Amino acid sequence: WRADAAVVPDGFDEGQAGARPFAVVRFIAAVPADPDGLAAAIVSRRSGKVDYDGRAVPPAAIAALRRVHRADEGALTLTSDPEAVAALRRISTAAMRVEVDTDRTYAETVRVMRIGADEIAAHRDGLSFHGPFFWWAKALGLLSPEAQMDKDSTARGMARALLDDQAASTATFGWLTTTGNTRAQQIGVGRAYVRQNLAATRAGLAFAPWSQALQEFSEMAALRAELRAVVGAAAGDTVQMFFRLGYAPPPPPTPRRALDAIIAA
């Protein structure tokens, strides 16, 4: 089957974001149904929010990712250039620190942390942390919401170190840019991003969003401008997605909510 999507068919109203359909999708019998060969990667696709092994993605794999990109869904750039990577690592690390050290933004992360099997099973969303280390840290009170919000706590320090290591271990970055910032362009970039993630999975790559420096709160403004300069975004362009890719063992699947929790029929 082929899915033909008409994106924002009735236009988009910022004042009433949910008042009109954002897409109408028609399913049509077609052969071949998967011209890019990405469907088989759907069940294995992950966001690899872990340390990578430091290797850059080779040109052949970069070319494979570029082949599945559709130019009408934004401009795709992938780079392993050492000078660019060094600058992007530095900006990424600084952006992570801003997010972690700004209480109101870090609180958004703390609210969706699911620590241990019981919380993960109860919520089936957010950020899952499981395994003996996190079980003991939670049991000892080291990962309570109160501990997480203490800037001098072990928990807050762990968050900084974890994110620093992830930035330092990355040798290839990518980003998707549009010439404006309409809702249709945003949806198109979302589709392009998932296609890149699927292609990366098929190529045996780890892949994850890395978008802290794109966030639009005041404390991030200087780093957002610096990132735009490094990636060469022109005036009026929007850097919609920034991501990292490399090599790491795939993480386990995350839980999913039941369909009736998210679909009205």
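Start by selecting Thr178: its side chain reaches the backbone oxygen of Gly180 at 2.6 Å. This is a polar contact, that is, a pair of N or O atoms within 3.5 Å; within protein, one must be able to donate a hydrogen and the other to accept it, and residues adjacent in sequence count only if both atoms are side-chain atoms. You are looking at a predicted model, in which local features need pLDDT of at least 70 and side-chain atom pairs count only at pLDDT 80 or more, while totals for chains, interfaces and linings use all residues. Residues are numbered from 1 along each chain as its sequence is written, and side-chain values use heavy atoms, with hydrogens and water left out.

**Around Thr178**

Stay with Thr178 and colour strand β6 (residues 172-178), where Thr178 sits. Helices (H or I, at least four residues) and strands (E, at least two) are DSSP runs, numbered from the N terminus. Is Thr178 buried or exposed? Thr178 is buried, with a relative accessible area of 6%; buried means under 20%, exposed over 50% and partly exposed in between (1.4 Å probe, protein chains only). Now show its contacts (heavy atoms within 4.5 Å). Not counting residues up to four places away in sequence, Thr178 touches Gly74, Gln185, Val189, Gly236, Asp237, Thr238 and Gln240.

**On to Val239**

Next, select Val239 in strand β8 (residues 238-246). Val239 also counts as buried, at 9% relative accessibility.

**Helices α2 and α7**

Move to helix α2 (residues 82-101) and helix α7 (residues 154-168), whose axes come within 9 Å and cross at roughly 165°. Because of that angle, α2 is roughly antiparallel to α7. Axes here are lines fitted to C-alpha atoms, for helices over the stretch in contact, and angles run from 0 to 180 degrees between N-to-C directions. Under 35 degrees counts as roughly parallel, over 145 as roughly antiparallel, 65 to 115 as roughly perpendicular and the rest as oblique. Show side chains at this contact: among them are Arg89, Met96 and Arg97 in α2, and Arg156, Leu163 and Asp164 in α7.

**Helix α3**

How do α2 and α3 pack? Their axes are 5 Å apart, at an angle of about 85°, so α2 is roughly perpendicular to α3. Here Val98, Glu99, Val100 and Asp101 in α2 meet Asp103, Thr105, Tyr106 and Thr109 in α3. Zoom in on Thr109, which is buried at 18% relative accessible area and touches Glu99 and Leu127, leaving out residues up to four places away in sequence.

**Two backbone stops**

Most residues other than glycine have a negative phi. Select Val8, in the loop between β1 (2-7) and β2 (23-28): Val8 has a positive phi of about 35° and is buried at 15% relative accessibility. Finish at Arg124, in the loop between α4 (117-123) and β5. The phi of Arg124 is near 55°, and this residue is partly exposed, at 35% relative accessibility.
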